[in-house]
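Dear colleague,

I am passing on to you the structure that we spoke about, and below it you will find my notes. Please read them with the model open beside you.

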Amino acid sequence: MKIHADPITVNCRKVLAGLQFIGAPYELEYVDYFKGAQKEDPFLSLNPNASLPAMVDDDFVLWESNAILQYAADKLGNEAAYPKDLKTRADINRWLLWESSSWFPSCYVFLVENCVKPLLGGAADPAVLTAQEAQFHKLAGILDKRLGSTEWISGSHATIADVVLAAPMHLHGWQQLPLNGHRNLKRWLHERVENLPCWQNTAVYEGFTTQKPQ
Ligand SMILES: N[C@@H](CCC(=O)N[C@@H](CS)C(=O)NCC(=O)O)C(=O)O
């Protein structure tokens, strides 16, 4: 499997951590996000959305980060990472869809305002952040409630759903995600996900770097 990605972005880090979690070997083809390489060929011919990442496996091209992890888990036959039991799988698929349609877009506002804009010499717009707060707390509250009754998102062990849902929060400190008040969510993130070797191996730090600050 070849993964065309920039490891510093949310959905690329998600895929790299997820593939390591699954135990799927991959080769990384670096695509420079901040240089806009996702908007040009050769990447654009793989993913017409001009967004990262994309996967190539022999003659099969796949984009959408969550679809890549579903494919990889099934290809490897890793049923612990992506269980086949009907209801558990439907539950995980539900969280994957929810992450892509609701959770990522909300967390992304904080990433753009508090990380990307200042890095590019601009400033966060407080009105944009304030406007997103209610939506963020509604969604974080849904996760928090779930994590009040299960150790991991879909039961007693980690699955691809945990990696997928943590990804939009991967720079939570720098993003200034308003996590206070979401105790179960914080505990899951800090004590569980952040201790997974796949998460630690793919760490991204303030400044969008994979180099650990001294
Ligand atoms: N739903 C897509 C979203 C992909 C996406 O939005 N990728 C971002 C990086 S995290 C991107 O490359 N955006 C294009 C851009 O900002 O130019 C997926 O999960 O793969």
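Are α5 and α8 roughly parallel or roughly perpendicular to each other? Before the reply, please note that this is a predicted model, in which local features need pLDDT of at least 70 and side-chain atom pairs count only at pLDDT 80 or more, while totals for chains, interfaces and linings use all residues. Residues are numbered from 1 along each chain as its sequence is written, and side-chain values use heavy atoms, with hydrogens and water left out.

The axes of helix α5 (residues 126–147) and helix α8 (residues 183–192) come within 7 Å and cross at roughly 75°, where axes are lines fitted to C-alpha atoms, for helices over the stretch in contact, and angles run from 0 to 180 degrees between N-to-C directions. Helices (H or I, at least four residues) and strands (E, at least two) are DSSP runs, numbered from the N terminus. α5 and α8 are therefore roughly perpendicular to each other, since angles of 65 to 115 degrees count as such, those under 35 as roughly parallel, those over 145 as roughly antiparallel and the rest as oblique. On the α5 side the contact (heavy atoms within 4.5 Å) is made by Ala140, Leu143, Asp144 and Leu147, and on the α8 side by Arg183, Asn184, Leu185, Arg187 and Trp188.

Turning to the sheet, four strands form an open, mixed sheet in the order β2-β1-β3-β4, where two strands pair if DSSP finds at least two bridges between them. β2 (27–30) and β4 stand at the edges with a single partner strand each, so one side of each is left without a neighbour in the sheet. Strand β3 (residues 54–57) runs antiparallel to strand β4 (residues 60–63) and is joined to it by four bridges; the partner of Asp57 is Phe60 in β4. These two strands form a hairpin with two residues between them, and Asp58 in the turn has a positive phi of about 55°. Helix α3 (residues 65–76) lies across β1 (2–5), β3 and β4, and runs at about 130° to β4.

Finally, the domain assignment (automatic or from a database) gives domain 1 (2–76) and domain 2 (86–201), with 20 Å between their centres, taken over C-alpha atoms. The area buried between domain 1 and domain 2 is about 1700 Å², 63% of it from carbon and sulfur atoms; buried area is the accessible area (1.4 Å probe) that two parts lose on being put together, summed over both.
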